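Here is a short report for a reader meeting this structure for the first time. Please look over the sequence and the model before reading on.

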Amino acid sequence: YRQGIKLNPFDAAMPLGLGLCLDWLDKQDEAGPFIAEAQRLDPNNYFITAQIGWHYEQAGDFAAARDCFMRSLRLYWDPNPIARNHLEIVNRRLAEKATK
């Protein structure tokens with residue numbers, strides 16, 4: 001992904017991919033700048049917005065994740081299973097937090 005960023009600094013998929021890899025390695029703090037760059041490069045892409053929601057979900061920021069999933073669904077309603085399924089998950093997590 002770093003090579004892809006160098007070759008095409010305008011492709012939001014490259015910083016997104018790098019950020020998601022860092023998430024999978026439990027390095028959410030390091031992933032943050034790459035996720036932000038992907039969002040800056042392509043803010044109206046439903047898929048990238050849903051993936052950014054997944055990043056926030058992994059970091060435990062369920063409110064931010066919910067906002068991203070809802071925005072992704074507004075950008076592209078159907079089919080959008082990533083946003084739809086993960087929105088259900090984060091809504092349950094937020095409800096659990098509220099009852100504790």
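## Cysteines, helix H2 and the cores

The count of disulfides is 0, a disulfide being a pair of cysteine sulfur atoms within 2.5 Å. This is a predicted model, in which local features need pLDDT of at least 70, side-chain atom pairs count only at pLDDT 80 or more, and totals for chains, interfaces and linings use all residues. Residues are numbered from 1 along each chain as its sequence is written, and side-chain values use heavy atoms, with hydrogens and water left out.

Cysteine 68 is in no disulfide.

The table gives relative accessible areas. Buried means under 20%, exposed over 50%, and partly exposed in between (1.4 Å probe, protein chains only).

| Residue | Relative accessible area | Class |
|---|---|---|
| Cysteine 21 | 25% | partly exposed |
| Cysteine 68 | 7% | buried |
| Glutamine 51 | 13% | buried |

Next comes helix H2, residues 13–24. Helices here are DSSP runs (H or I, at least four residues), numbered from the N terminus. The expected span of a helix is 1.5 Å times one less than its number of residues. For the 12 residues of H2 that gives 16 Å, and the end C-alpha atoms are 16 Å apart, so the two agree.

Buried residues of H2 include Pro15, Leu16, Gly17 and Leu18. Gly19, Leu20, Leu22 and Asp23 are also buried. The buried residues of H2 pack against helix H1 (2–7), H3 and H4. After H2 comes aspartate 26, with a positive phi near 60°.

Now the cores. A nonpolar core is a set of buried Ala, Val, Leu, Ile, Met, Phe, Trp, Tyr and Cys residues joined through side-chain atoms within 4.5 Å. The largest has 12 residues, among them Ala12, Leu16, Leu20, Ile35, Ile52, Trp54 and Cys68. Helices H2, H3 (28–41) and H4 each give two or more residues to this core. H2 has the largest share, 4 residues. Another core, of 8 residues, lies apart from it and includes Ala50, Phe62, Ala65 and Leu87.

Two residues show some of the contacts, meaning heavy atoms within 4.5 Å. Isoleucine 35 touches Leu16, Gly19, Leu20, Ile52 and His55, leaving out residues up to four places away in sequence. Glutamine 51 lies in helix H4 (residues 46–59). Beyond its neighbours within four places in sequence, glutamine 51 contacts Leu16, Leu20 and Ile82.
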